[in-house]
Amino acid sequence: MKKKLYQVLGALIMLSTLSCTKNFEELNIDPNRIDKVTPGSLLTPTIYGMSTYFTVRSYDFTWQIMQVGLPNPSVALGTHRYDVTETAGNGTWNTCYRWLRNIREMQEAAVTYDQPMYQAVAFTLQAYIMGILTDSFGDVPFSEALLAEEGVNQPKFDTQEEIYTQLIANLEAANTIYSGTGIMEGEDLLYANDKAKWRKFNNSLLMRLLLRLSKRSEFDSYNRIKQIIDNPDGYPIFTSNAEAALVTITGNPPYNYAWARRQDYVNFEAMSSFFVDLLNDLNDPRRPLFMTQATRLVDGTIQQVGYVGIPSAHSGDASQFNYNPSTPNGNVMIYDNIGTPIKEVIMGYAEVEFIKAEVALHFGDLEAAKSAYERAVTAAITQWNGGAVPANYFENEAAAFDGTLEQIMTQKYLGLFFNDYQQWFEYRRTGFPVLPTTEYMLHDGVMPTRFMYHNDVRRFNPQNYQTAAERIGGDDVMTKVWWEK
């Protein structure tokens, strides 16, 4: 009896198994899971990921190398002493390629779903990210990058000239796409699907890339930028902070502040004397927005002594400072009251006006240069929460336009505060602002000009790595990239 019962049960199980196997693929489809990614779904993660990462990198790297701020105490070496290690760019390499993969998927999805606006957005974001990557390293994989699924595991390194040529062409194409019909949908942390603002960001970024090539006469940068400025209908660009690529972050999950804890931003960091003294000379209203006042112990009481930094690349002996220097104001980037909005900078409106000022100066139009310079400074101050320009600001001799590139670039340096590596890139392009040097800096006080390639590249793509390293003049932090030469 039991034997027959087992046989019956076995047959039932067999029939059940066959039935399930027959319809397994149909029944195993999760109706709540999208089969193909939509282009709009990739937008906000990319924007948030890039802006937050480079907010931190501004603090960790750009502040030090450009004498904005430095670790305190700092007894030896460090980036502010031009100690740029061979792994200093690894995070930048990984992060840029990670989000460039998202951009590639966005481009593919834009074609799949016939949403050309996202093809334009992909071109814009690709230029933003790839611009940072190539300006940081020089020649990098581009045309063959991120093609592992197609069997390309050792991509060639495109020359920086090839990269810039393609990025500029893509931005031109995007400008045309934005001007046409089409919609954007889904979550957009930056512009809430306003394609007109995306177009202005695109063309403002085009100006940035063209200006970076100002030393390369074959690109005729100043004339090409002037053509953009003179054709606002064909090339709309930023005209206010409200249109700029400033990412509003509230600190509420999933869009947390760049720092998890306020003390991680404000503690063990001092503002650099060079940065503070510039702002002091200008009697600049950004001082209380950016930093605290220094303090000193006087007759047993702690007293504020104004805004005072410490020199970058100092000897390492902290006893030489008989005061506690100005430190970062936490409210710029992380409020105690979570939910208070802060801004992370991708590209500000001030940068556009500084570009206009430089172009006008190049062509000898001092009146236009002065107007653009004053708009740029005003925008740079007011883009920050609480920023306002005093009525007499430009009456100060230090702030009044003097018709020099040095002044434009020095104010641009202040205007690029917390803007990824842009201060570093622009210093390498122009040599401004003039930064003090000390005997404690490496490389005889000459600033490093690039990151070394990721060490994994040397291991897993040795032939293409070697070709690129030889072509650029050596994989060294002191090698100048193509547009610097």
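Which helices each supply at least two residues of the lining of the largest pocket? The legends below start with that view; the model is predicted.

**View 1. Lining of the largest pocket.** Helix H4 (90–112) and helix H16 (455–460) each supply at least two residues of the lining. H4 gives the largest share, four residues. The space in this pocket is about 440 Å³. It is lined by 19 residues, and the closest to its centre are Trp-93, Tyr-97, Asn-153, Pro-155 and Val-457. By class, the lining has twelve nonpolar, four polar and three charged residues.

**View 2. Helix H7 against helix H12.** Two packed helices are described by the angle between their axes and the distance between the axes. For H7 (residues 195–212) and H12 (residues 349–362), the axes come within 10 Å and cross at roughly 45°. H7 is therefore oblique to H12. The crossing of these two helices is left-handed. On the H7 side, the residues in contact are Ser-204, Met-207, Arg-208 and Leu-211; on the H12 side, they are Glu-351, Val-352, Ile-355, Lys-356 and Glu-358. The residues of this contact comprise four nonpolar, one polar and four charged.

**View 3. Helix H7 against helix H15.** H7 also packs with H15 (residues 422–430), at an angle of about 35° and with the axes 11 Å apart. From H7, Arg-208, Leu-211 and Arg-212 take part, and they meet Gln-422, Phe-425, Glu-426 and Arg-429 of H15. Two nonpolar residues, one polar residue and four charged residues make up this contact. Arg-208 and Leu-211 of H7 are in contact with H15 and also belong to the H7 residues that meet H12.

**View 4. Cis peptide bond at Pro-254.** Pro-253 and Pro-254 are joined by a cis peptide bond, with omega about 5°. Pro-254 sits in the loop between strand S2 (245–249) and helix H9 (262–266).

**View 5. Backbone of Phe-268.** The loop between H9 and strand S3 (269–271) holds Phe-268. Phi of Phe-268 is near 55°, which is a positive value in a residue other than glycine.

**View 6. Cis peptide bond at Pro-433.** The bond from Phe-432 to Pro-433 is cis, and its omega is near -5°. Pro-433 belongs to the loop between H15 and H16.

Definitions and conventions:
Residues numbered from 1 in each chain as written. Predicted model: local features only at pLDDT ≥ 70, side-chain atom pairs only at ≥ 80, totals over all residues. Heavy atoms only, no water. 1 Å grid on protein atoms, 1.4 Å probe; cavity = no way out; pocket = protein on both sides within 12 Å on 5 of 7 lines; lining within 4 Å. Points joined across faces, edges and corners; volume = space filled by probe spheres on them. Nonpolar A, V, L, I, M, F, W, Y, C, P; charged D, E, K, R; others polar. Axes fitted to C-alpha atoms, helices over the stretch in contact; angles between N-to-C directions. Parallel < 35°, antiparallel > 145°, perpendicular 65-115°, else oblique. Left-handed = near helix turned anticlockwise from the far one by under 90°. Contact = heavy atoms within 4.5 Å.
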